[in-house]
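These are my notes from going through one model.

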Amino acid sequence: METSMPRPSTPDEFVALLHETIVALVRRDGPDLTARQLAVFLRVYVYAGPLTGRDLAEALDLQKSAVSRALDRLVEADLVSRLPNPQDRRSVLVGRTVKGTALIRELRTIMREARSGQ
């Protein structure tokens with residue numbers, strides 16, 4: 001079971017944690033995600049429930065086309081999947097993948113280590 005890490009208490013601590021996390025992400029051997037792709041990815045993995053592209057666009061206040069392009073890249077990297085939406089044949093549901101789940105675990109580890117100053 002994952003334990004929660006202490007939250008940064010100042011804006012500078014948040015920025016430092018974000019910096020350490022991003023530096024670790026770009027140094028690792030894996031897809032180099034843009035901020036938009038990372039935002040879409042995190043929305044899929046942090047919040048529960050099946051999401052459509054429209055749901056993601058609304059939640060992130062982005063154009064649906066921008067979310068669709070981000071999803072294309074995330075699907076290509078096998079970090080999310082697109083599944084048929086049984087409720088609406090015109091849309092798809094965005095799902096999690098094994099590789100994406102591994103990345104979210106890695107992100108948690110990176111952030112935990114950055115927070116503890118390792």
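Ground rules. I note that this is a predicted model, in which local features need pLDDT of at least 70 and side-chain atom pairs count only at pLDDT 80 or more, while totals for chains, interfaces and linings use all residues. I number residues from 1 along each chain as its sequence is written, and side-chain values use heavy atoms, with hydrogens and water left out.

Confidence. I looked up pLDDT, the predictor's confidence in each residue, from 0 to 100. The mean for the protein chain is 89, and 92% of the residues reach 70 or more.

Overall layout. I took helices (H or I, at least four residues) and strands (E, at least two) as DSSP runs, numbered from the N terminus. The protein chain comes to five helices and three strands, in the order α-α-β-α-α-β-β-α from the N terminus on. I found that 33% of the 118 residues count as buried. The C-alpha atoms fill a box of roughly 50 × 30 × 25 Å along the principal axes. With contact meaning heavy atoms within 4.5 Å, I looked at contacts between residues at least 6 apart in sequence: 57% of these join residues at least 24 apart.

Sheet. I counted two strands as paired if DSSP finds at least two bridges between them. The three strands form an open sheet in the order β1-β3-β2, with antiparallel pairing. Because β1 (51-52) and β2 (80-84) are at the edges with a single partner strand each, one side of each has no neighbour in the sheet. Two bridges join β1 to β3 (residues 92-96), and these strands run antiparallel. Opposite T52 I found L93 of β3. Helix α4 (residues 64-76) packs on the sheet and touches β2 and β3, its direction making about 110° with that of β2. For that angle, axes are lines fitted to C-alpha atoms, for helices over the stretch in contact, and angles run from 0 to 180 degrees between N-to-C directions.

Helix α2. Q37 is found in this helix. Not counting residues up to four places away in sequence, I see Q37 touching D32, A70, R73 and L74.

Aromatic rings. I paired rings of Phe, Tyr and Trp (its six-membered ring) if their centres lie within 6.5 Å, with planes under 30 degrees apart counted as stacked, over 60 as edge-to-face and the rest as tilted. A search of the whole structure gave one pair. The ring centres of F41 and Y45 are 4.5 Å apart and the planes stand at 35°, so the pair is tilted. F41 and Y45 are four residues apart in helix α2 (residues 35-46), so about one helical turn separates them. F41 is buried at 0% relative accessibility, and Y45 is buried at 6%.

Backbone. Which residue in the loop between α3 (53-60) and α4 did I look up? It was D61, which has a positive phi of about 55° although it is not a glycine. D61 counts as exposed, at 72% relative accessibility. D78, in the loop between α4 and β2, also is not a glycine and has a positive phi of about 60°. At 41% relative accessibility, D78 counts as partly exposed.

Key
Buried < 20%, exposed > 50% of the residue type's maximum accessible area, 1.4 Å probe, protein only.
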